[in-house]
Structures are given as structure tokens and as C-alpha cells.
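Subject: Structure for you to look at

Hello,

Here is the structure I promised to pass on. Please open it first, then read my notes below.

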Amino acid sequence: MFTLQQYLGFLLFLTILTIGFWLMIFLIHFVFYWIFGATRELLRERKANRELEQA
């Protein structure tokens with residue numbers, strides 16, 4: 001049978017693993033959102049510059 005110390009160690013391991021997993025998911029989404037926003041802004045600036053040059 002497991003001792004209380006082993007049980008608490010296992011719970012601590014699961015907690016750290018779960019926090020790490022959700023942090024990784026959050027950071028991946030944040031980075032993709034950042035890249036998407038920067039690309040969108042760059043394309044808008046290029047379009048605005050083209051419109052200014054044509055006018």
C-alpha cells in the first residue's frame with residue numbers, strides 16, 4: 001500500500017504537470033495570436049502606403 005508521503009508526492013507531481021500543460025497551451029495560443037496580429041497590422045500598413053502612393 002502507499003504511504004501518505006507517496007500519495008502527497010504523486011498529487012504534487014500531477015498538480016505541477018497539469019499547471020505546466022495548461023501554461024504551455026496558453027502560451028502557444030498567445031504566441032499565435034501575437035503573430036497573427038502583427039502580420040495583420042503589417043498588411044494594413046502596406047495597403048495604406050500603397051493607397052497613399054497611388055493618390
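The chain exposes about 5800 Å². Carbon and sulfur atoms supply 73% of that area. Please keep in mind that this is a predicted model.

First, the fold. The chain has 1 helix and 0 strands. Helix α1 covers residues 4–54.

Next, the overall shape. The C-alpha atoms fill a box of roughly 80 × 10 × 5 Å along the principal axes. The radius of gyration is 24 Å, whereas a compact globule of 55 residues would have one near 10 Å. Of the 55 residues, 0% count as buried.

Now the surface. There is a nonpolar patch of about 1100 Å². Phe21, Trp22, Leu23, Met24, Phe26, Leu27, Ile28, Phe30, Val31, Phe32 and Ile35 make this patch. Take Val31 as one of them. Val31 lies in helix α1. Its relative accessible area is 37%, so Val31 is partly exposed.

There is also a positive patch, formed by Arg40, Arg44, Arg46, Lys47 and Arg50. Arg44 lies in helix α1 too. Is Arg44 buried or exposed? Arg44 counts as exposed, because its relative accessibility is 54% and the cut-off for exposed is over 50%.

Last, the charges. The chain carries 5 positive and 4 negative charges. Their mean positions are 7 Å apart.

Best wishes

Terms used:
Residues are numbered from 1 along each chain as its sequence is written. This is a predicted model: local features need pLDDT of at least 70, side-chain atom pairs count only at pLDDT 80 or more; totals for chains, interfaces and linings use all residues. Side-chain values use heavy atoms; hydrogens and water are left out. Helices (H or I, at least four residues) and strands (E, at least two) are DSSP runs, numbered from the N terminus. The radius of gyration is taken over C-alpha atoms; the globule rule is 2.2 Å times the number of residues to the power 0.38. Buried means under 20% relative accessible area, exposed over 50%, partly exposed in between (1.4 Å probe, protein chains only). Accessible areas come from the Shrake-Rupley method with a 1.4 Å probe; for residues, only the protein chains shown count as cover. Lys and Arg count as positive and Asp and Glu as negative; His and the chain ends are not counted. The place of a charge is taken as NZ of Lys, CZ of Arg, CG of Asp or CD of Glu. Patches are made of residues with over 30% relative accessible area and no salt bridge: like charges are joined within 9 Å, nonpolar side chains (Val, Leu, Ile, Met, Phe, Trp, Tyr) within 5 Å. A salt bridge is a side-chain nitrogen of Lys or Arg within 4 Å of a carboxyl oxygen of Asp or Glu.
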